[in-house]
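Subject: Structure for your attention

Dear colleague,

Please find the structure below.

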Amino acid sequence: MTYVIAQPCVDVQDRACLVECPVDCIYEGNRTLYINPSECVDCRACEPVCPVEAIFAEEDLPQHRAPYTTVNAEYFEATSARQPEPYVVHGDHRLVARLPPQTVHKKGIAAFSIRKEEAADADLWFPS
């Protein structure tokens, strides 16, 4: 099993998951983030911090988001002999690159993010 980033991340790229990932298996495309399935250790750290709920365990991925399992995997593959068109176009998987601009429906997306440990250290400087 691995985790998958789906369409709600397109044109959002909050990056909170990048900070939380202990193995750095999340990579940035131009319009979305991608999880490398061969590097993911299934730790679940990325899923709860995603403000647009775009990250799913592979077996929990909703049926209408199922193509994103392939999108995340193919983003890290070279073009195969059976596939003449490259997987990555303009810095994103070709499926993502072809999507129209997405609008953000979630409010309160973080402008920046820090690790939980850093947040705990910050409380020492600002006691209640």
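A disulfide is defined here as a pair of cysteine sulfur atoms within 2.5 Å. By this rule the count of disulfides is zero. Cys 25 takes part in no disulfide, and the nearest cysteine sulfur, in Cys 21, is 3.6 Å away. For Cys 43, the closest cysteine sulfur is that of Cys 21 at 5.8 Å, which is too far for a bond.

Before going further, please note that this is a predicted model, in which local features need pLDDT of at least 70, side-chain atom pairs count only at pLDDT 80 or more, and totals for chains, interfaces and linings use all residues. Residues are numbered from 1 along each chain as its sequence is written, and side-chain values use heavy atoms, with hydrogens and water left out.

Overall organisation

The chain has four helices and six strands; helices (H or I, at least four residues) and strands (E, at least two) are DSSP runs, numbered from the N terminus. Starting at the N terminus, the order of elements is β-α-β-β-β-α-β-β-α-α. Of the 128 residues in the chain, 35% are buried. Buried means under 20% relative accessible area, exposed means over 50%, and partly exposed lies in between (1.4 Å probe, protein chains only). By these limits, Cys 25 is buried, at a relative accessible area of 3%, whereas Cys 43 is partly exposed at 39%.

Contact means heavy atoms within 4.5 Å. Among contacts between residues at least 6 apart in sequence, 64% join residues at least 24 apart.

Helix H2 and its surroundings

Which residues of H2 are buried? They are Tyr 68, Val 71, Asn 72, Glu 74 and Tyr 75. The buried residues of this helix pack against several elements, including strand E1 (3–5), strand E2 (26–28) and helix H3 (94–97).

Aromatic pairs

Rings of Phe, Tyr and Trp (its six-membered ring) pair if their centres lie within 6.5 Å; planes under 30 degrees apart count as stacked, over 60 as edge-to-face and the rest as tilted. The whole structure holds three aromatic pairs. In one of them, the ring centres of Tyr 27 and Phe 76 are 5.2 Å apart and the planes stand at 65 degrees, so the pair is edge-to-face. Tyr 27 belongs to strand E2 and Phe 76 to the loop between H2 and E5, so this pair ties together parts that are 49 residues apart in sequence. The rings of Tyr 75 and Phe 76 are also edge-to-face, because their centres are 5.1 Å apart and their planes are at 85 degrees. Tyr 75 counts as buried at 16% relative accessibility, while Phe 76 counts as partly exposed at 28%. Ring pairs link Tyr 27, Tyr 34, Tyr 75 and Phe 76 into a cluster.

Salt bridges

Side chains of opposite charge can pair when their charged atoms come close. A salt bridge is a side-chain nitrogen of Lys or Arg within 4 Å of a carboxyl oxygen of Asp or Glu. A search of the whole structure gives three salt bridges. Arg 31 and Asp 11 form one of them (2.8 Å, N to O). Arg 31 is in the loop between E2 and E3 and Asp 11 in the loop between E1 and helix H1 (16–20), so the pair ties together parts that are 20 residues apart in sequence. A salt bridge also joins Glu 28 and Arg 15 (2.8 Å, N to O). This pair links distant parts of the chain, with Glu 28 in strand E2 and Arg 15 in the loop between E1 and H1, 13 residues apart. Glu 47 and Arg 44 meet in a salt bridge at 3.4 Å, N to O.

Buried charges without a partner

Lys and Arg count as positive and Asp and Glu as negative; His and the chain ends are not counted. Asp 92, in strand E6, is buried yet has no salt bridge, and the nearest side chain of opposite charge, Arg 31, is 5.3 Å away. Leaving aside neighbours within four places in sequence, the contacts of Asp 92 include Tyr 34 and Tyr 75. Arg 65, in the loop between strand E4 (55–57) and helix H2 (67–75), is likewise buried without a salt bridge, and the nearest side chain of opposite charge, Glu 53, is 9.0 Å away.

Yours sincerely
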